[in-house]
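Dear colleague,

Please find below the structure that I am handing over to you. My notes on it follow directly after.

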Amino acid sequence: MKLFIDSGSLKDIQTLVPLGIIDGITTNPSLLAKEQGNYREILKKICDIVQGPVSAEVVATDFDGMMREGRDLAKIDEHIVVKVPFTRDGVKACKALSDEGTRVNVTLVFSPAQALLAAKVGATFVSPFVGRLDDIATPGMQLIHEIVEIYSHYEFATEILVASTRGPMHIVEAARMGADICTCPPAVIDSLFNHPLTDIGLKKFLADWEKAQAALAGKA
Ligand code: G3P
């Protein structure tokens, strides 16, 4: 399963990418609004660092505006994937941009029916939001299970990009279900590294090694 960072923070991206576990980045207007500076320059820098798909979202809500913004975003770098919201105009723009050869990520997906339509119009990625479903007492991961099942019956090229992840178990469950990608906030990716037994084990290995070295030095 591919791992994307859900962030517009160059600092976080520069910290995590060198670890070798990051395959791409997703941004949205809320995430980019938190960053200082020109959003096009930020997106270009992100593309230079990650060398993988970088989702950049349109803010227009009408078809013509989405096409204009989508084409403009795609010019920033070859790694840009244009993100459109799941609306009628967004679905139409997904089809048109995909037909032009621009990769599209259909976002704000909350039902299997929406995911089916996104695949039918050639979305490269579909982004179901699991955390926001959990927030309203609806099991977000059940949606992933249903989309994986539906897509398994057909030859859709659309990849399932699990979004709005809030903790490590969202990632583990997504991998168990066979989702293609998880996009996660930097803190969630960081939490994947943690296990107390790793820390205890490493401390013991190093202590035993030092003890042995001290004993050897004592004999010399
Ligand atoms: O990028 C879209 C998605 O991952 C947003 O997550 O935490 O704002 O629901 P969140």
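Does Lys-2 count as buried, partly exposed or exposed, and at what relative accessibility? Lys-2 counts as partly exposed because its relative accessibility is 31%; buried means under 20% relative accessible area, exposed over 50%, and partly exposed in between, with a 1.4 Å probe and protein chains only.

The model is a predicted one, in which local features need pLDDT of at least 70 and side-chain atom pairs count only at pLDDT 80 or more, while totals for chains, interfaces and linings use all residues. Residues are numbered from 1 along each chain as its sequence is written, and side-chain values use heavy atoms, with hydrogens and water left out.

Salt bridges

The structure holds nine salt bridges (a side-chain nitrogen of Lys or Arg within 4 Å of a carboxyl oxygen of Asp or Glu). One of them joins Lys-2 to Glu-159, with 2.7 Å from N to O. Since Glu-159 lies in strand S7 (residues 159-162) and Lys-2 in strand S1 (residues 2-6), the pair ties together parts that are 157 residues apart in sequence. Helices (H or I, at least four residues) and strands (E, at least two) are DSSP runs, numbered from the N terminus.

Lys-44 has a salt bridge to Asp-48, where the closest N and O atoms are 3.4 Å apart. Both residues belong to helix H3 (residues 39-50) and are four residues apart, about one turn of the helix. Lys-44 also meets Asp-77 in a salt bridge, at 2.6 Å from N to O. This second pair links distant parts of the chain, as Asp-77 sits in the loop between helix H4 (63-74) and strand S4 (80-85), 33 residues from Lys-44. Through shared partners, Lys-44, Asp-48 and Asp-77 form one network. Asp-77 is buried, with a relative accessible area of 10%, whereas Asp-48 is partly exposed at 43%.

The ligand

The residues surrounding the ligand are Asp-6, Asn-28, Lys-83, Phe-129, Arg-132, Ala-163, Ser-164 and Arg-166 (each has a heavy atom within 4 Å of it). A polar side-chain atom lies 2.6 Å from a ligand oxygen atom in the case of Asp-6, and 3.1 Å from one in the case of Asn-28. For Arg-166, an N or O atom of the side chain is 2.8 Å from an oxygen atom of the ligand. On its own the ligand has 310 Å² of accessible area, of which the protein covers 83% (Shrake-Rupley method, 1.4 Å probe).

With kind regards

Terms used. A polar contact is a pair of N or O atoms within 3.5 Å; within protein, one must be able to donate a hydrogen and the other to accept it, and residues adjacent in sequence count only if both atoms are side-chain atoms.
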